[in-house]
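Here are my notes for your first walk through this model. Keep the structure open beside you and turn it as you read.

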Amino acid sequence: MDVRPLLTDVMMLTGDLVPRLQALRYDVTWKPDGSPVTQADILMETELGDFLKSRLPGVRVIGEETFQDADDQSPEGWIAVVDPIDGTENFCSGLPEWGVALTLWKDGAHAGSLLQLPEMGRHLMTGDTPPLLRSRIVGVSSTLKNETLGVLDTLIADGKAAQPPSDPEARILGCAVYNLYNVARGALARFVNPRGAYSWDLLAGVMLALENRCDVEIDGKPYDGHYLQAGRRHRVDIRHRYDLHPGQGPIG
């Protein structure tokens, strides 16, 4: 099944929801782990879930705000993994760098993925051909804590980071969707999350990264595109392969 028409309809739905989301962005409560959640997160997940169930009867929707362990016991049938608002801290602070992630799977095989940045008017979906960009910027997860600050030194010392950035610059952007969108299209040379994130944060983006000439490691091993179970954190390291662009080589 070609899911691009469905992903396009999802993108139009989320775009239409933006005014309602903006009206709810400062209605914030706090999860047990200390992270914020807004009524906009809940609205978006509900609307996306209802829409997907109307278009894919029997689909199991695995969303950040409603996930239960029993939701992800089997990869059979249609599965939709949704992050309704990624970068909620940015969103509820009035920043535009937040996004929506959706990935669709059928019987354990990837069917298509979408990353959307609604307030920035940008998106990347399965089958898109983004412009060829080059960068030496490394995106670093905002979950970085004191015990992992050494990752910045590692990025500079790591020989693999020399392709393309031999002298990388680091950015903490506060939104996995924004990082994944940018590394997939080459606007970031690399994105690392050494503490790990959940499948709703990562799965759509890592599949698009594989599609767009990136080397992807999950939990320290090369990633082959298999379905990532929800409910546990996955460490990610993605490098854009500039040498695979026709006529483009590494920088520096």
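Is the crossing of α1 and α2 left-handed or right-handed? Keep that in mind for point 2.

1. Ground rules. This is a predicted model, in which local features need pLDDT of at least 70 and side-chain atom pairs count only at pLDDT 80 or more, while totals for chains, interfaces and linings use all residues. Residues are numbered from 1 along each chain as its sequence is written, and side-chain values use heavy atoms, leaving out hydrogens and water.

2. The helix pair. Helix α1 (residues 4-24) and helix α2 (residues 39-55) have axes that come within 10 Å and cross at roughly 155 degrees. Axes here are lines fitted to C-alpha atoms, for helices over the stretch in contact, with angles from 0 to 180 degrees between N-to-C directions. Angles over 145 degrees count as roughly antiparallel, so α1 and α2 are roughly antiparallel to each other. Their crossing is right-handed, meaning that the near helix is turned clockwise from the far one by less than a right angle. Residues of α1 that meet α2 include Leu 6, Val 10 and Leu 13; on the α2 side, Leu 43, Leu 48 and Phe 51 are among them.

3. The whole chain. The secondary structure comes to 6 helices and 13 strands; helices (H or I, at least four residues) and strands (E, at least two) are DSSP runs, numbered from the N terminus. Of the 252 residues, 50% are buried, that is, under 20% relative accessible area with a 1.4 Å probe, protein chains only. A contact means heavy atoms within 4.5 Å. Among contacts between residues at least 6 apart in sequence, 66% join residues at least 24 apart.

4. The sheet of 5 strands. This open sheet has the order β3-β4-β5-β6-β7, with mixed pairing; two strands pair if DSSP finds at least two bridges between them. Because β3 (60-63) and β7 stand at the edges with a single partner strand each, one side of each is left without a neighbour in the sheet. The twist averages 15 degrees from one strand to the next. Strands β3 and β4 (residues 78-86) run parallel, joined by 4 bridges, and Arg 60 stands opposite Ile 79 in β4.

5. A hairpin to find. Strands β6 (residues 109-117) and β7 (residues 122-125) run antiparallel, with 4 bridges between them. Leu 114 has Met 125 in β7 as its bridge partner. The hairpin that β6 and β7 form has 4 residues between the strands, and Gly 121 in the turn has a positive phi of about 70 degrees.

6. The sheet of 6 strands. Another open sheet, also with mixed pairing, runs β9-β8-β10-β13-β11-β12. Here β9 (169-171) and β12 (221-222) are at the edges with a single partner strand each, so one side of each has no neighbour in the sheet. Strands β11 (residues 214-218) and β13 (residues 234-240) pair in the antiparallel sense over 5 bridges, with Asp 215 opposite Arg 239 in β13. Helix α5 (residues 176-185) packs on this sheet, touching β8, β10, β11 and β13, and its direction makes about 35 degrees with that of β13.

7. A closer look at α5. How many of the residues of α5 are buried? The count is 10 of 10, Tyr 178, Leu 180 and Arg 185 among them. Just after α5, Gly 186 takes a positive phi of about 90 degrees.

Definitions and conventions:
Parallel < 35°, antiparallel > 145°, perpendicular 65-115°, else oblique.
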